[in-house]
Amino acid sequence: ANSNDKGAYWVSDTFADDQYAQIDVKGAIAGSNRLGVILRGGSGNEAILLRLKGDGDFEAYYYNSSGSRIALSGNPYTPSATVQVDDTIRGEISGTTLTLKVDYGAGFVTETTWNASSGPSSGSAGCYVVSAFTGMEGDNWEGGNLGGASLSIPVAMHNYRMRH
């Protein structure tokens, strides 16, 4: 791991436009670390990113076709409770609405939404990390279609395509 943006999206299956991705938080939630999920990621560099920052706040972005990261209105967002190790963060995209949900141990709580109409309309789910060698980590990534079957795998990088 290093301090550069690292995102990956699943390429072995096709996702519906309305989809989700979630990941368990592991390691230190501190410093310049970031952990999140990718939605509607594609080979043209486009994607939607929802990430937890080391200070405990969340941010949402989209990557345009040239790979530039553009903030969605509403950043940063401070969640209703402090995210801890073993909590699960989940992003859902339905139409143009990006929703953040967090499972603090008793089921998912809807935290906030962003207007993602400027982001891509289709693509694949994935994960994202920016971490120092002793920083934030993720585990038990899962992604799938809203209302459909999920793909659940360890966060190994097989069957992922990296975007940068």
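Is R40 buried or exposed? At 3% relative accessibility, R40 counts as buried; buried means under 20% relative accessible area, exposed over 50%, and partly exposed in between, with a 1.4 Å probe and protein chains only. A quick note before the views: this is a predicted model, where local features need pLDDT of at least 70, side-chain atom pairs count only at pLDDT 80 or more, and totals for chains, interfaces and linings use all residues. Residues are numbered from 1 along each chain as its sequence is written, and side-chain values use heavy atoms, with hydrogens and water left out.

View 1. The chain has 13 strands and zero helices. Both kinds of element are DSSP runs numbered from the N terminus, helices being H or I with at least four residues and strands E with at least two. Of the 164 residues, 47% count as buried. Take the contacts (heavy atoms within 4.5 Å) between residues at least 6 apart in sequence: 60% of them join residues at least 24 apart.

**View 2. R40 and the backbone of G95.** R40 belongs to strand 3, residues 34–41. A polar atom of the R40 side chain lies 2.9 Å from the backbone oxygen of G95.

**View 3. L72 in its loop.** Look for L72 between strand 6 (69–71) and strand 7 (88–94). Y61 sits eleven residues away along the chain, yet the C-alpha atoms of L72 and Y61 are separated by 5.2 Å. Leaving aside neighbours within four places in sequence, L72 touches A60, Y61, Y62, L98, W114, N115, A116 and S118.

**View 4. The largest nonpolar core, and a second one.** A nonpolar core here is a set of buried Ala, Val, Leu, Ile, Met, Phe, Trp, Tyr and Cys residues joined through side-chain atoms within 4.5 Å. The largest has 27 residues, and F58, L98 and W114 have the most contacts inside it. Elements giving two or more residues to this core include strand 2 (19–27), strand 4 (47–53), strand 5 (58–63) and strand 8 (97–103). A separate core of seven residues includes A47, Y61, Y63 and V130.

**View 5. Zooming in on L98.** Beyond neighbours within four places in sequence, L98 is in contact with L39, I48, A60, L72, E92, I93, T112, T113, W114 and A116.

Methods:
Polar contact = N/O pair within 3.5 Å; in protein donor to acceptor, adjacent residues only side chain to side chain.
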